[in-house]
Amino acid sequence: MEVRVLQNILEANEQAAEENRRRLAEAGVAALNLISAPGAGKTSLLERLIPVLSTEYRVGVLEGDIATTRDAERIGALGVPVLQLLTNGGCHLEAALVGRGLEELPLAELDVVFIENVGNIACPAEFDLGEAAKVGVLSVTEGHDKPAKYPLLFHELKALVLNKVDLLDYTDFDKDAFLRDFRGINATAPLFEVSCRTGQGVEEFARWVVQVIVRAREGAGATQ
Amino acid sequence: MHELGIAQALVEQVQAVQAAHGGRPVVSVGVRIGSWRLVVKESLEFYYEAITRGTSLEGSRLEVETVPAAARCRQCGEEYAVEGLLLVCPGCGGRGGELVRGEELHLSTVELAD
């Protein structure tokens, strides 16, 4: 006899992600899932972004890595609540581990949580963490063909930071080719040209983050 | 990727269905995997067979159906089959459509012995 099921095989992660989403919504906190290849500049972006945001908004960070607490230490130096999540070999964060991290953060006293995923441009796209938005960081030194090569990730992004633009003259990064492929996969995510080195573009990106924070707050207000 | 973890989650779900139907032997398991998912069919079949040996699912056949990707055009609203990996509408040329099929990772059927 044939039994029809229709069940998401990764249902366990989906349920944990929904629980995270619920807990964040209750506290009126926006969570952003920061995804990129290793070394594209996720932590550097946070180091630039957090001082700008912190004048008006309360920031918390969950750092995801396979090993070391180096990234959490860098963020800790900025004086915001941060937790290092270690995956013990896992190449991407999953919702259950993020959930345990959210339990330790003072959510009632935060406006936004950045979840810095494990450096990996392929796997994280497949695992919902309960975030409001996935934000990608692509550095110009990685090449302009990455959106075409990793369509699942680039399709899911709600914003893309193009980092290290101060190095454009030293690379063969073709901005037109990149935009053509990126917009062929994702018509709506805003693109921010940034250099964490010089600070270029950080304020514009911060303004987009603020919109996400405000929407999350309004959402919490609506449920009260 | 992650086919072992996916196979393990799948085995748990199938065993739950088996238990709900009197513990009958499972003949085959149907899964639907969207073509945009990063799951290698052969790896999943390999792990499924390996981890079901010696369990109540031993001998059950994994049948993977690949779901072709389809998108809806943001400009003209038409639905179209996705050729390659860019989302370009064959009708109006609109770029960056919204993926409506191709991201599935579902257990769809369990065939139990009569």
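In this predicted model, the interface between the two chains brings 33 residues of chain B into contact with 30 residues of chain A. About 2,800 Å² is buried between chain B and chain A, and carbon and sulfur atoms account for 60% of that area. Three residues stand out on the side of chain B: B:H2, B:Q13 and B:W36 together supply 18% of the area that chain B buries against chain A, more than any other three residues.

Between chain B and chain A the count is one salt bridge. A:E126 forms a salt bridge with B:R37, and their closest N and O atoms are 2.5 Å apart. Polar contacts across the interface of chain B and chain A amount to 16 residue pairs, with both residues at pLDDT 80 or more. On the side of chain B that touches chain A, the elements giving two or more residues are α1 (3-20), β5 (98-101) and β6 (105-112) of chain B. Of these, β6(B) provides the largest share, with eight residues. By residue type, the side of chain B that touches chain A divides into 17 nonpolar, eight polar and eight charged residues.

A:N186 sits in the loop between α7 (175-185) and β8 (191-193) of chain A. With a relative accessible area of 3%, A:N186 falls under the 20% limit and therefore counts as buried. Leaving aside residues up to four places away in sequence, A:N186 touches A:F154, A:H155 and A:L157 in chain A, as well as B:G96 in chain B.

A:F154, one of the residues that A:N186 touches, also belongs to a ring cluster, in which ring pairs link A:F154, A:F173, A:F178 and A:F182. Over all chains, the structure holds seven aromatic pairs. Among them is the pair of A:F192 and A:W208, which is tilted, with 6.4 Å from centre to centre and 55° between the planes. Because A:F192 lies in strand β8 of chain A and A:W208 in helix α8 (residues 202-223) of chain A, this pair ties together parts that are 16 residues apart in sequence. Both A:F192 and A:W208 are buried. In chain B, the rings of B:F46 and B:Y47 have their centres 5.4 Å apart, and their planes stand at 75°, so this pair is edge-to-face. B:F46 counts as exposed because its relative accessibility is 53%, whereas B:Y47, at 29% relative accessibility, counts as partly exposed.

A:T68 is a residue other than glycine with a positive phi, near 75°. A:T68 is found in the loop between β3 (59-65) and α3 (70-76) of chain A, and at 38% relative accessibility it counts as partly exposed. A:N88 likewise has a positive phi, of about 60°, although it is not a glycine. The place of A:N88 is in the loop between β4 (82-86) and α4 (95-104) of chain A. At 76% relative accessibility, A:N88 counts as exposed.

Notes: Residues numbered from 1 in each chain as written. Chains lettered and ligands numbered in written order. Predicted model: local features only at pLDDT ≥ 70, side-chain atom pairs only at ≥ 80, totals over all residues. Heavy atoms only, no water. Helix = DSSP H or I, 4+ residues; strand = E, 2+ residues; numbered from the N terminus. Buried < 20%, exposed > 50% of the residue type's maximum accessible area, 1.4 Å probe, protein only. Contact = heavy atoms within 4.5 Å. Phe/Tyr/Trp six-rings, centres within 6.5 Å; stacked < 30°, edge-to-face > 60°. Buried area = accessible area lost by both parts, 1.4 Å probe. Salt bridge = Lys/Arg side-chain N within 4 Å of Asp/Glu carboxyl O. Polar contact = N/O pair within 3.5 Å; in protein donor to acceptor, adjacent residues only side chain to side chain. Nonpolar A, V, L, I, M, F, W, Y, C, P; charged D, E, K, R; others polar.
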